[in-house]
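Today I looked up pockets and charged pairs. My notes follow the order in which I checked them.

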Amino acid sequence: MEKKLITPPSGQPIDLDDAKLHLRLTDDTTDDPLVMALIERARLYCEKHTGRAFGTQTWEAYLNYWPGRNY
């Protein structure tokens with residue numbers, strides 16, 4: 001079975017302010033791109049290892065055969 005992501009989630013499950021508060025970062029915006037990249041990588045990791053999507057996504061799947069049939 002092949003899967004193809006059509007529409008990715010519109011946002012991340014954790015927003016930047018909550019992540020910065022948890023990490024005890026100051027109001028400086030220097031690290032914002034890094035923190036956002038880490039949030040995205042954490043979401044992708046969790047989606048891969050749990051098999052669940054965090055956020056609304058649209059996927060397209062191609063099946064080589066219909067499961068449970070002998071044709």
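This is a predicted model: local features need pLDDT of at least 70, side-chain atom pairs count only at pLDDT 80 or more; totals for chains, interfaces and linings use all residues.

Entry 1, the pocket. I listed the lining of the largest pocket and found Lys3, Glu47, Gly51, Arg52, Ala53, Gln57 and Trp59. The volume of the largest pocket comes out at about 160 Å³. Sorted by class, the lining has three charged, two polar and two nonpolar residues.

Entry 2, salt bridges. How many salt bridges does the count give? I get two salt bridges.

I found a salt bridge between Asp32 and Lys20, with 2.9 Å between the closest N and O atoms. This pair links distant parts of the chain, 12 residues apart: Lys20 is in helix 1 (residues 16-23) and Asp32 is in helix 2 (residues 32-50).

Entry 4, Glu47 and Arg43. I went back to Glu47, one of the residues that line the largest pocket. Glu47 forms a salt bridge with Arg43, and their closest N and O atoms are 3.1 Å apart. Where do these two residues lie? I place both Glu47 and Arg43 in helix 2, four residues apart, which is about one turn of the helix. I recorded Glu47 and Arg43 as buried.

Notes
Residues are numbered from 1 along each chain as its sequence is written. Side-chain values use heavy atoms; hydrogens and water are left out. On a 1 Å grid over the protein atoms alone, a cavity is a set of points where a 1.4 Å probe fits but cannot get out, and a pocket is an open set with protein on both sides within 12 Å along at least five of seven lines; lining residues have an atom within 4 Å of a point. Grid points are joined across faces, edges and corners, and a volume is the space filled by probe spheres set on the points. Ala, Val, Leu, Ile, Met, Phe, Trp, Tyr, Cys and Pro count as nonpolar, Asp, Glu, Lys and Arg as charged, and the others, Gly among them, as polar. A salt bridge is a side-chain nitrogen of Lys or Arg within 4 Å of a carboxyl oxygen of Asp or Glu. Buried means under 20% relative accessible area, exposed over 50%, partly exposed in between (1.4 Å probe, protein chains only).
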